[in-house]
Amino acid sequence: MSYTAAIGAAPAFDAFALATRLRAGGHATIAWVGNPEPLVAEAIARSAFDAVTLDMQHGLADTASVMRGITAVAGAGKPSIVRVPVGDFAMASRALDFGASGVIAPMINTVADARAFADFMKYPPLGRRSWGPTRAMTLAGVDDAQHYLKSANAGTLALAMIETREALDNLEAILDVEGIDGVFIGPSDLSLTLSGGAFVDQHHPIIDEPVRRVVAAASARGKIAAIFGGAPERARAMRDLGFRLVSLGIDPAYTTLGCDTMLKAMG
Ligand code: 3PY
Ligand code: MG
């Protein structure tokens with residue numbers, strides 16, 4: 001095992017590869033980063049993660065750090081996904097314009113929420129995204145606007161978070177919204193809302209049946225089932241259950257575990 005942050009040549013960045021892989025039935029394991037410093041996101045992108053999520057909802061990322069973070073992650077050859085704050089669909093469009101390969105929108109509870117999100121994520125005829133992907137095209141090495149226009153709707157991912165009872169009630173209808181590419185379970189909020197505020201526990205059996213239902217409903221429609229995976233055993237179990245996109249851990253844990261591993265190895 002090497003303990004140096006060895007930096008080899010980064011593979012070429014393909015902004016649309018993640019969507020292509022997931023739509024073809026492939027899997028991806030994604031990092032979850034709340035630290036706003038782009039160099040942290042870049043270091044994580046240089047590990048074996050398939051993509052890096054920059055979290056603007058509960059993480060510390062802001063507009064400038066997301067713009068720089070996407071660039072830093074792309075420099076390591078990896079795609080970025082941005083989780084926007086609740087209801088901030090204008091930021092979803094901006095994240096795509098900055099070069100993100102996907103956006104996770106929290107608290108999508110109704111068809112109207114899902115429709116609004118898809119409208120900001122997709123160009124006509126699927127949605128109403130406004131034109132202006134100058135930075136995204138630069139990062140992707142695309143200099144032909146028509147090519148970007150033709151590739152962007154299928155090449156970027158609109159992932160609607162399912163994390164309330166209301167969202168579960170509307171699950172199939174949300175999945176059926178054109179322009180929604182998949183659903184992303186937030187297990188903490190799901191446990192919080194299903195228990196009526198009694199507890200928050202990502203692993204609680206109260207979410208077991210909904211979790212299975214989400215996989216089945218997404219798969220039946222050829223859409224992507226995704227989930228916040230957390231600990232390695234849980235993330236592996238979720239992948240085995242049929243989730244194609246699973247997050248693993250969060251950045252403070254990556255740092256602490258790295259420190260503990262190195263100190264233990266030294267003895
Ligand atoms: C949740 O578990 O509620 C999430 O949003 C994951 O960050
Ligand atoms: Mg949540």
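Just after helix α10, Gly 196 adopts a positive phi of about 65°. Helix α10 itself spans residues 187-194; here, helices (DSSP H or I, at least four residues) and strands (DSSP E, at least two) are numbered from the N terminus. Within α10, Pro 187, Asp 189, Leu 190, Ser 191 and Leu 194 are buried, where buried means under 20% relative accessible area, exposed means over 50%, and partly exposed lies in between (1.4 Å probe, protein chains only). These buried residues of α10 pack against α8 (165-169), β6 (182-185), α11 (208-220) and β7 (224-227), with contact meaning heavy atoms within 4.5 Å.

This is a predicted model, in which local features need pLDDT of at least 70 and side-chain atom pairs count only at pLDDT 80 or more, while totals for chains, interfaces and linings use all residues. Residues are numbered from 1 along each chain as its sequence is written, chains are lettered from A and ligands numbered from 1 in the order in which they are written, and side-chain values use heavy atoms, leaving out hydrogens and water.

## Around ligand 1

Let's meet the ligand next. The residues around ligand 1 (a heavy atom within 4 Å) are Arg 83, Met 161, Glu 163, Gly 186, Pro 187, Ser 188, Asp 189 and Phe 228. Helix α10 supplies the largest share of this shell, three residues.

Look at the polar atoms (a polar contact is a pair of N or O atoms within 3.5 Å; within protein, one must be able to donate a hydrogen and the other to accept it, and residues adjacent in sequence count only if both atoms are side-chain atoms). An N or O atom in the side chain of Arg 83 is 2.8 Å from an oxygen atom of ligand 1, and a polar side-chain atom of Glu 163 lies 3.1 Å from a ligand 1 oxygen. For Ser 188, a polar backbone atom is 2.7 Å from an oxygen atom of ligand 1. On its own, ligand 1 has 230 Å² of accessible area, and the protein covers 92% of that (Shrake-Rupley method, 1.4 Å probe; for residues, only the protein chains shown count as cover).

Asp 55 belongs to strand β2 (residues 51-55). Its side chain also reaches the backbone nitrogen of Gly 59, at 3.2 Å.

Is Asp 55 buried or exposed? Asp 55 has a relative accessible area of 3%, so it counts as buried. Beyond its neighbours within four places in sequence, Asp 55 is in contact with Trp 32, Val 33, Leu 60, Ala 61 and Arg 83.

Most residues other than glycine have a negative phi, and most peptide bonds are trans. Met 107 has a positive phi, near 55°, although it is not a glycine. You will find Met 107 in the loop between β4 (102-105) and α5, where it is partly exposed, with a relative accessible area of 24%. The peptide bond from Pro 124 to Pro 125 is cis, with omega near 10°. Pro 125 sits in the loop between α5 (111-121) and α6 (134-140).

## Ala 167 in helix α8

Ala 167 is part of helix α8. Along the chain, Ala 167 and Met 107 are 60 residues apart, yet their C-alpha atoms are separated by 7.8 Å. With 0% relative accessibility, Ala 167 counts as buried. Not counting residues up to four places away in sequence, Ala 167 touches Ile 108, Asn 109, Ile 162 and Ile 174.
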